Amino acid sequence: MRYAGFFLIILLSNIIQGITGFAGTILAMPPSLMLVGYNTAKPVLNVLGLLSGFYVFAGHRKSVCWSELKKIVAVMAAGILGGICLKGFFEGQEQQLYRMLGVFVILLSGQGLVKLRHEANGPTDKKGEEAGNPGSAQDTKTSTAMYLLLGLAGLVHGIFVSGGPLLIGYMTKRLKDKVSFRATISTVWLVLNTIVLLDDIRMGLWSPDLVRTLVMSLPFLLAGMFMGGRLYAKMSQRLFMIITYVLLFISGISLLGK
């Protein structure tokens, strides 16, 4: 029954992953930890996240914003290395830092939802649109803040493997088109989850039993991604962004509870 519940969670969370290109692992991790434990949930969900990223990338690789992808990978990689080096300094303070991160993520999501509401009630702010599109003229202060947010995402990911919500906060400011957003973030997970997979292998987490669990999970992953993809295709740009910010808010709440 525990594993049946785990597979059901994989199905439901990957419907969300199929719609937005993110949040599947964030939403699946807490109940999965209770059902099958950390040593099963973390490596299996990581590989499923990698495969879901490949699923979206394979069908939408032409929509990937490669200029943003290069920046994200370069800055986050530097942040991750810094986080790994600083990890020892935060031992015993994880809960407080998770709460600070959760509050920050909730504020980001709230800001995004308020902006969407204002756009619906009045004319679009062209300057705001330009700030959200790669390659447009930007205020230096705004550009610096975006890079700091991305670097912080890498730093947090290196320390706690929880930099995803901050990465989403960055990308919602930079990529407004739902197709490009979904394709680009899915490609980011291909890179980041591969790094985590290699580290899991190095640590000896993978066993024949774990491989069997992964194989049994694949039909639920594929079914969830297929259903999510069908729902995504019927969504308006506005609904897509609302769901993105709501999931970002839920991510922040989950960080408060860690």
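Are F181 and F240 buried or exposed? In this predicted model, F181 is buried, and F240 is buried as well.

The chain contains eleven helices and zero strands. Read from the N terminus, its elements therefore follow the order α-α-α-α-α-α-α-α-α-α-α, with runs assigned by DSSP. Of its 258 residues, 45% count as buried. The accessible surface amounts to about 13000 Å², and carbon and sulfur atoms account for 68% of that area. Where contacts join residues at least 6 apart in sequence, 83% of them connect residues at least 24 apart.

Among the buried residues of α8 are L166, L167 and M171, together with K173 and R174. When residues up to four places away in sequence are not counted, M171 touches I72, F181, T184 and I185.

The aromatic residues form a further theme. A pair of aromatic rings is described by the distance of the centres and the angle of the planes. With ring centres required to lie within 6.5 Å, the count comes to seven aromatic pairs. In one of them, F6 and F7, the ring centres are 5.9 Å apart and the planes stand at 40 degrees, so the pair is tilted. Both F6 and F7 are buried. The rings of F181 and F240 have centres 5.8 Å apart and planes at 80 degrees, so this pair is edge-to-face. The pair links distant parts of the chain, since F181 belongs to helix α9 (residues 178-202) and F240 to helix α11 (residues 237-256), 59 residues apart. Elsewhere, ring pairs link Y3, F6, F7 and F220 into a cluster.

The charged end of K178 sits over the ring of Y232, at 4.7 Å from the ring centre. R182 also lies over the face of Y232, and its distance from the ring centre is 4.0 Å.

Finally, helix α9 holds a residue of another kind, D200. Why does D200 count as buried? Its relative accessible area is 0%, and D200 is buried because that value falls under the limit of 20%. The side chains of D200 and K42 are joined by a polar contact of 2.5 Å. Apart from neighbours within four places in sequence, D200 is in contact with K42, P43, N46, L205 and W206.

Terms used
Residues are numbered from 1 along each chain as its sequence is written. This is a predicted model: local features need pLDDT of at least 70, side-chain atom pairs count only at pLDDT 80 or more; totals for chains, interfaces and linings use all residues. Side-chain values use heavy atoms; hydrogens and water are left out. Rings of Phe, Tyr and Trp (its six-membered ring) pair if their centres lie within 6.5 Å; planes under 30 degrees apart count as stacked, over 60 as edge-to-face and the rest as tilted. Buried means under 20% relative accessible area, exposed over 50%, partly exposed in between (1.4 Å probe, protein chains only). Helices (H or I, at least four residues) and strands (E, at least two) are DSSP runs, numbered from the N terminus. A charge sits over a ring if NZ of Lys or CZ of Arg is within 6 Å of the ring centre and within 35 degrees of the ring normal. A polar contact is a pair of N or O atoms within 3.5 Å; within protein, one must be able to donate a hydrogen and the other to accept it, and residues adjacent in sequence count only if both atoms are side-chain atoms. Contact means heavy atoms within 4.5 Å. Accessible areas come from the Shrake-Rupley method with a 1.4 Å probe; for residues, only the protein chains shown count as cover.
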